[in-house]
Amino acid sequence: MLTSVDTDLIRVLADPLRLRIVTLLAEETLCTTHLVEETGARQTNLSNHLRVLREAGVVETEPCGRYTYYKLRPDVIASVADRFADLAESARTAAGNKRACP
């Protein structure tokens, strides 16, 4: 069963721009300027999405002079993937189970 933490994290990752950011950060650590260039999003919009990802624990920041770099936390992504893998395994196991109607 998914916990409220799991469902909150899934909601955070369900946004298309946030998923794009996560995908980019899976490849390399990037600053806001790089993310604006890669996504085409406005800086203020991007900053709001990065805040949501940071507050959810999906990314962490690394100050570098006047720039802030963002790095993906793979352990968080792995925990979500593990939950879905568990659900898939339960579905495989229960494939033959069928509750009779009253």
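This is a predicted model: local features need pLDDT of at least 70, side-chain atom pairs count only at pLDDT 80 or more; totals for chains, interfaces and linings use all residues.
User: Why is the protein chain called more spread out than a compact globule?

Analyst: The chain holds 5 helices and 3 strands, in the order α-α-β-α-α-β-β-α from the N terminus. Its radius of gyration is 18 Å, well over the 13 Å that the globule rule gives for 102 residues, so the chain is more spread out than a compact globule. The C-alpha trace spans about 65 × 20 × 20 Å along its principal axes.

User: What makes Glu55 and Arg51 a salt bridge?

Analyst: Their closest N and O atoms are 3.5 Å apart, and the cut-off is within 4 Å, so the pair qualifies. Both residues lie in helix α4 (residues 43–55), 4 residues apart, about one turn of the helix.

User: Why does Glu55 count as exposed, and why does Arg51 count as partly exposed?

Analyst: Exposed requires over 50% relative accessible area. Glu55 has 60% relative accessibility, so Glu55 counts as exposed. Arg51, at 34%, falls between the 20% and 50% limits and therefore counts as partly exposed.

User: What makes Arg73 and Asp75 a salt bridge, and which residues form one network?

Analyst: The closest N and O atoms of Arg73 and Asp75 are 3.0 Å apart, again within 4 Å. Salt bridges that share partners join Glu60, Lys71, Arg73 and Asp75 into one network.

Technical notes. Residues are numbered from 1 along each chain as its sequence is written. Side-chain values use heavy atoms; hydrogens and water are left out. Helices (H or I, at least four residues) and strands (E, at least two) are DSSP runs, numbered from the N terminus. The radius of gyration is taken over C-alpha atoms; the globule rule is 2.2 Å times the number of residues to the power 0.38. A salt bridge is a side-chain nitrogen of Lys or Arg within 4 Å of a carboxyl oxygen of Asp or Glu. Buried means under 20% relative accessible area, exposed over 50%, partly exposed in between (1.4 Å probe, protein chains only).
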